[in-house]
Amino acid sequence: MTSPLESELQTLQQTAQTAIAAVTDLTTLEQLRIQYLGKKGELSLILRGMGKLGADERPRLGAIANEVKEALQAQLDQRKQALQQAEIQAKLAAETIDVTMPGVYRPLGRQHPLNSTIDKVLDIFVGLGYGIATGPQVETDYYNFEALNIPADHPARDMQDTFFLGDGRLLRTHTSPVQIRYMESHEPPIRIVAPGRVYRRDTVDATHSAVFHQVEVLAIDEGLTFTHLKGTIKEFVRQMFGEALPVRFRASYFPFTEPSAEVDVQWQGKWLEVMGCGMVDPNVMKAVGYDPERYTGFAAGFGIERFAMVLHQIDDIRHLYTSDLRFLRQF
Ligand code: DAH
């Protein structure tokens with residue numbers, strides 16, 4: 001006759017075996033081990049009932065219990081190994097790097113044509129021994145006009161339709177105020193280039209923008225003449241266009257220079273107006289406390305957009321501001 005303990009052991013073995021076989025992860029497997037074979041597990045529970053058995057039954061049931069325990073332990077070990085193996089395989093598969101897979105395309109960033117043009121201009125002047133200066137875009141009437149020999153009633157103010165701010169200040173109409181600010185805080189000799197944004201109340205079209213960029217050039221020293229100015233501009237043009245193009249100085253007028261000139265460059269069969277320049281007016285020297293009997297100097301100013309458009313054959317200034325990638329990718 002089989003004792004009830006014996007059939008309990010059989011049932012335990014069967015349910016445990018089915019459960020272990022169905023386990024798919026190591027945590028659950030460990031839980032099963034504790035549930036069946038742990039100190040307070042189901043097997044221990046059954047074995048506690050052995051005390052009630054007769055001395056003749058005990059060894060036989062003890063042996064059966066041992067077999068059940070060993071069988072389950074073996075199955076647990078085997079299952080554990082298989083699951084560990086599977087875990088490693090899954091990890092390896094997940095971490096595989098396919099070195100033959102095509103890379104992710106990341107478009108290369110590049111400089112905006114306005115910035116590269118400014119950089120080119122600055123590089124040329126730095127190569128000629130000039131330093132770089134900057135000034136504020138919100139200016140006062142004094143720096144933008146007055147100190148540059150453009151008094152309040154001067155007709156030259158009409159040439160630069162100005163954005164005035166509510167507090168009486170204004171958006172600078174040119175980079176020339178940087179001349180004044182720099183001279184006020186430095187003593188000659190001076191050689192600077194000043195790049196920056198300028199603002200004019202212009203109607204926007206293919207060649208006009210209310211915001212654009214200029215570079216100002218200023219040299220002050222003893223004994224500087226118009227010949228130094230011409231030589232500097234010619235060298236600048238040669239480097240900017242990559243060849244010694246014919247350059248023409250046309251007499252012109254600016255309140256802050258005397259004499260003044262406009263510079264034309266012969267480019268693709270046409271005279272192209274590229275900048276204004278001249279010898280710094282004695283009144284400007286006086287405004288910053290320089291002695292015009294001792295110092296002379298020259299200045300020049302030009303638009304960056306103009307150069308960028310000519311050098312890259314851009315037909316509409318608005319292309320430079322609309323951030324259209326189809327346009328920008330060309331550079
Ligand atoms: N400031 C002038 C303008 O915006 C350009 C200019 C002309 C600057 C002659 C100069 C200069 O320094 O000497 O129209």
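This is a predicted model: local features need pLDDT of at least 70, side-chain atom pairs count only at pLDDT 80 or more; totals for chains, interfaces and linings use all residues.
Begin by selecting residues 4-22, which make up helix α1; its 19 residues reach 27 Å from the first C-alpha to the last, close to the 27 Å expected at 1.5 Å a residue. Within α1, colour Leu5, Glu6, Leu9, Leu12, Ala16 and Ile20, which are buried. Turn the view to look down the axis of α1, and these buried residues fall within an arc of 115°, so they line one face of the helix. On the other side of α1, select Pro4, Gln14, Thr18 and Ala22, which are exposed. To see what covers the buried residues of α1, display α2 (26-37), α3 (42-48) and α4 (58-94), which are among the covering elements.

Next, turn to the aromatic rings, for which a search of the whole structure finds 12 pairs. Select Phe236 and Phe307: their ring centres are 5.8 Å apart and their planes lie at 80°, so the pair is edge-to-face. Phe236 belongs to helix α8 (residues 226-241) and Phe307 to helix α10 (residues 304-312), so that the pair links parts of the chain 71 residues apart. Phe236 counts as buried at 0% relative accessibility, and Phe307 is also buried, with a relative accessible area of 2%.

Finally, look for charges placed over rings. Select Arg181 and Tyr143, where the arginine lies over the face of the tyrosine at 3.9 Å from the ring centre; then move to Arg248, whose charged end sits over the ring of Trp271, 4.3 Å from its centre.

Technical notes: Residues are numbered from 1 along each chain as its sequence is written. Side-chain values use heavy atoms; hydrogens and water are left out. Helices (H or I, at least four residues) and strands (E, at least two) are DSSP runs, numbered from the N terminus. The expected span of a helix is 1.5 Å times one less than its number of residues. Buried means under 20% relative accessible area, exposed over 50%, partly exposed in between (1.4 Å probe, protein chains only). The arc is that of the directions from the helix axis to the C-beta atoms. Contact means heavy atoms within 4.5 Å. Rings of Phe, Tyr and Trp (its six-membered ring) pair if their centres lie within 6.5 Å; planes under 30 degrees apart count as stacked, over 60 as edge-to-face and the rest as tilted. A charge sits over a ring if NZ of Lys or CZ of Arg is within 6 Å of the ring centre and within 35 degrees of the ring normal.
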